[in-house]
Amino acid sequence: MMTFRLCFPKINISGAGCLAEVPAELSRRGFKTPLVVTDAVLIKVGLVQPLVDGLKALGLHPVVFDGVEPNPTVAIVDRAFDMFRAGKCDSIIAVGGGSPIDTGKAVRILSANPKPITLYNGVGKVAREGVYLIAVNTTAGTAAEVTSNAVITDTDNQVKMVIIDPKIIPDISVNDPVMMTKIPAATTAATGMDALTHAVEAYVAQGAHVLTDHSALEAILLISTYLPRAVANGSDLEAREMMAYGQFIAGLAFNSAGLGMVHAMAHQPGAVKNLPHGVCNAILLPVVENFNRPHAVKRFARIAMAMGVDTAGMTDEAASIAAITAIRALSATVGIPKGFGELGVTEADLPVFVKKAQQDPCAPGNPVSMTDAEVLELFREAL
């Protein structure tokens with residue numbers, strides 16, 4: 001028998017309008033000067049101002065850093081941390097998708113541990129927890145508000161660092177679907193497919209467990225059902241709410257069960273070509289899982305059922321194949337590019353991707369190990 005560890009935030013707040021509860025959560029704990037970590041787009045569309053106004057109304061003095069960009073870099077983390085120190089901040093509120101939340105996690109690390117952030121690449125390297133962190137999620141995808149992972153791009157080495165440590169899990173996660181209604185359709189699709197990848201990888205990972213299986217399967221069901229609706233109509237509040245819940249429980253699943261080669265491979269074009277993480281995952285998901293399928297046939301058969309495939313009368317083998325078909329169909333429905341070739345990736349890029357993917361912290365979770373030649377062939381299939 002082996003022990004199993006479930007990790008997630010101490011407090012999780014969900015539901016329409018729940019953003020309004022955040023200022024009081026900080027105030028009652030005695031914090032006065034939170035660093036609000038976000039991006040310029042969320043500032044522009046007005047999603048951050050109600051939070052800032054609420055904090056000020058309770059006598060807090062928020063300092064706003066809006067310099068986060070997609071695939072945040074070491075330099076962005078350093079700038080955010082410089083503002084944290086200059087403002088004498090005592091806490092952090094990260095507002096956004098994976099990029100602002102991962103940046104907030106990185107600042108939390110540096111608030112109690114030495115620079116540079118590159119010291120913490122890998123598993124379990126954070127010695128001290130750092131300041132109080134609230135993560136307000138605005139996309140139904142990364143589940144960064146619930147996980148022990150932070151992905152930061154090391155531009156010097158053209159690699160996405162994956163920092164994994166329970167000390168960086170936010171103290172409070174917030175999922176307010178109202179904040180997600182303004183997210184563009186393309187972003188909704190990419191982040192939704194990212195969430196599906198989390199759920200699928202968690203369900204077939206080597207670390208899969210009875211305590212995560214139910215969350216993974218329910219996440220697959222919710223995402224398959226509601227992602228097309230959220231993409232088609234961003235104001236569909238029911239679809240947004242169900243996607244928020246789906247991505248959240250997918251995060252609960254993979255945070256403890258782990259991921260696999262989809263993420264290990266997706267990190268590479270994301271780092272080198274600065275491509276959206278969710279799109280990279282979506283392109284690779286059916287390709288990699290088709291390779292994995294023979295090693296987890298019964299599990300892929302259950303994935304097919306969760307995705308709404310009528311598997312009555314099918315063998316497990318046939319149902320498992322139908323799961324891959326369903327993944328491809330969902331990806332096409334929400335408008336994901338067919339391959340990396342459409343995004344500027346060429347054959348010449350692939351050898352470097354292979355080496356770095358094999359070294360990625362997500363790789364060991366895959367249900368079956370791969371040779372370099374097999375990884376290269378999968379990248380070629382995804383072009």
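This is a predicted model: local features need pLDDT of at least 70, side-chain atom pairs count only at pLDDT 80 or more; totals for chains, interfaces and linings use all residues.

Reply: You'll find α6 at residues 185–204. Other elements that each bring at least two residues to that lining include the helices α2 (40–44), α5 (98–110), α9 (261–273) and α10 (277–292). Two strands belong on that list too, β7 (149–154) and β8 (159–164).

Now for the space itself. The largest pocket holds about 1000 Å³, and 45 residues line it. If you want to find its centre, look for Gly-97, Gly-98, Ser-99, Thr-142 and Thr-191, the lining residues that lie nearest to it. What kinds of residues make up the lining of this pocket, by class? There are 22 nonpolar ones, 16 polar ones and seven charged ones.

Next, the second largest pocket, with a volume of about 500 Å³. Its lining has 21 residues, and Val-123, Ile-164, Asn-255, Ser-256 and Gly-258 are the ones nearest its centre. Here helix α8, residues 237–257, is the top contributor, with four residues. Sorted by class, you get 10 nonpolar, nine polar and two charged residues in this lining.

The structure has one cavity of 30 Å³ or more, and the largest cavity comes to about 50 Å³. Both α6 and α8 turn up again, each supplying at least two residues of the lining of this cavity. Among the residues around the cavity are Thr-138, Thr-139, Ala-140, Met-180 and Ile-183. Thr-188, Thr-191, Ala-230, Arg-240 and Met-243 line the cavity as well.

One last stop, away from the pockets: the cysteines. How many disulfides are there? The count is zero. Take Cys-362: its closest cysteine sulfur belongs to Cys-280, and that's 13 Å away, so the two are too far apart for a bond. A disulfide would need the sulfurs within 2.5 Å. Is Cys-362 buried or exposed? Its relative accessibility is 7%, so Cys-362 counts as buried, because buried means under 20%. Cys-89 counts as buried too, with a relative accessibility of 9%.

Conventions. Residues are numbered from 1 along each chain as its sequence is written. Side-chain values use heavy atoms; hydrogens and water are left out. Buried means under 20% relative accessible area, exposed over 50%, partly exposed in between (1.4 Å probe, protein chains only). On a 1 Å grid over the protein atoms alone, a cavity is a set of points where a 1.4 Å probe fits but cannot get out, and a pocket is an open set with protein on both sides within 12 Å along at least five of seven lines; lining residues have an atom within 4 Å of a point. Grid points are joined across faces, edges and corners, and a volume is the space filled by probe spheres set on the points. Ala, Val, Leu, Ile, Met, Phe, Trp, Tyr, Cys and Pro count as nonpolar, Asp, Glu, Lys and Arg as charged, and the others, Gly among them, as polar.
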